Amino acid sequence: MADIAKLVEDLSQLTVLEAADLAKALEEAWGVSAAAAVAVAGPAAGGGDAAPAEEKTEFDVVLTGDGGKKIQVIKEVRAITGLGLTEAKALVEGAPKAVKEGVNKAEAEEIKKKIEEAGGTVELK
């Protein structure tokens, strides 16, 4: 068997044109196409990009509006965050603002549900 390190070193010294000629020669000798391998690898790489988005574990709960029920939303924000009345009022009036950041999906969904039941609108990011 050939020395792999020597082979890698030799291939690294090829110019782009020489590498293209080598690829053509190997395709003819072995009856394969490099384009087919690239086409198969393309979608697999694209699928890999989608997986991390599905595996998101931390969410930011962002209040986007009070839905005309400011007092009820302020009460709910106070209960969720432990903020004082003035701070909770400022958060609600300054929407869109994060109510909680870096929470797990279950907690984020629960917070969203509570605020929406109070009349506010929420977005998970």
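How many residues does H4 have, and how far does H4 reach from its first C-alpha to its last? In this predicted model, H4 has 12 residues and reaches 16 Å between those two atoms, close to the 16 Å expected at 1.5 Å a residue. The chain holds six helices and three strands, and from the N terminus on the elements run α-α-α-β-α-α-β-α-β.

**Overall organisation**

- The chain has 125 residues, of which buried residues make up 16%.
- Among contacts between residues at least 6 apart in sequence, 68% join residues at least 24 apart.

**Nonpolar core**

- In soluble globular proteins, nonpolar side chains tend to be buried together.
- The largest nonpolar core comprises 17 residues, and those with the most contacts inside it are Val61, Leu63, Val73, Val77, Val92, Val99 and Ile115.
- Two or more residues of this core come from each of strand E1 (59–65), helix H4 (70–81), H5, E2 and helix H6 (105–118).
- Valine 61, one of the residues with the most contacts inside the core, touches a range of residues beyond its neighbours within four places in sequence.
- The contacts of valine 61 include Lys97, Ala98, Val99, Lys100 and Val103, together with Ala108 and Ile111.
- Val122, Glu123 and Leu124 are also in contact with valine 61.

**Helix H4**

- Val73, Ile74, Val77 and Ile80 are the buried residues of H4.
- Seen down the axis of H4, these residues fall within an arc of 130°, so they line one face of the helix.
- The cover over the buried residues of H4 includes E1, H5, E2 and H6.
- The face of H4 turned away from the buried side carries the exposed residues Ile71, Lys75 and Ala79.

**Helix H6**

- H6 has 14 residues and spans 20 Å from its first C-alpha to its last, close to the 20 Å expected at 1.5 Å a residue.
- Within H6, Ala108, Ile111, Ile115 and Ala118 are buried.
- Those four cover an arc of only 90° around the axis, which puts them on the same side of H6.
- E1, H4, E2 and strand E3 (121–124) are among the elements that cover the buried residues of H6.
- Lys105, Ala106, Lys113 and Glu117 are exposed on the other side of H6.
- The N-terminal end of H6 is capped by asparagine 104, a side-chain oxygen of which lies 3.2 Å from the backbone nitrogen of alanine 106.
- Glycine 119 follows H6 and has a positive phi, near 115°.

**Cis peptide bond**

- Alanine 95 and proline 96 are joined by a cis peptide bond, with omega about 5°.
- Proline 96 belongs to the loop between helix H5 (85–93) and strand E2 (97–103).

**Salt bridges**

- Side chains of opposite charge can pair when their charged atoms come close.
- Lysine 70 pairs with glutamate 93 in a salt bridge, with the closest N and O atoms 3.0 Å apart.
- Because lysine 70 lies in helix H4 and glutamate 93 in helix H5, this pair ties together parts that are 23 residues apart in sequence.
- Both partners are partly exposed: lysine 70 has a relative accessible area of 33%, and glutamate 93 one of 43%.
- Glutamate 93 also meets lysine 89 in a salt bridge, at 3.3 Å from N to O.
- Lysine 89 and glutamate 93 both lie in helix H5, four residues apart, about one turn of the helix.
- Lysine 89 is partly exposed, with a relative accessible area of 39%.
- Lysine 100 and glutamate 107 form a salt bridge through their side chains, at 3.4 Å from N to O.
- Lysine 100 is partly exposed at 27% relative accessible area, and glutamate 107 counts as partly exposed at 31% relative accessibility.
- Through shared partners, salt bridges join Lys70, Lys89 and Glu93 into one network.

Notes. Residues are numbered from 1 along each chain as its sequence is written. This is a predicted model: local features need pLDDT of at least 70, side-chain atom pairs count only at pLDDT 80 or more; totals for chains, interfaces and linings use all residues. Side-chain values use heavy atoms; hydrogens and water are left out. A nonpolar core is a set of buried Ala, Val, Leu, Ile, Met, Phe, Trp, Tyr and Cys residues joined through side-chain atoms within 4.5 Å. Buried means under 20% relative accessible area, exposed over 50%, partly exposed in between (1.4 Å probe, protein chains only). Contact means heavy atoms within 4.5 Å. The expected span of a helix is 1.5 Å times one less than its number of residues. The arc is that of the directions from the helix axis to the C-beta atoms. A polar contact is a pair of N or O atoms within 3.5 Å; within protein, one must be able to donate a hydrogen and the other to accept it, and residues adjacent in sequence count only if both atoms are side-chain atoms. A salt bridge is a side-chain nitrogen of Lys or Arg within 4 Å of a carboxyl oxygen of Asp or Glu.
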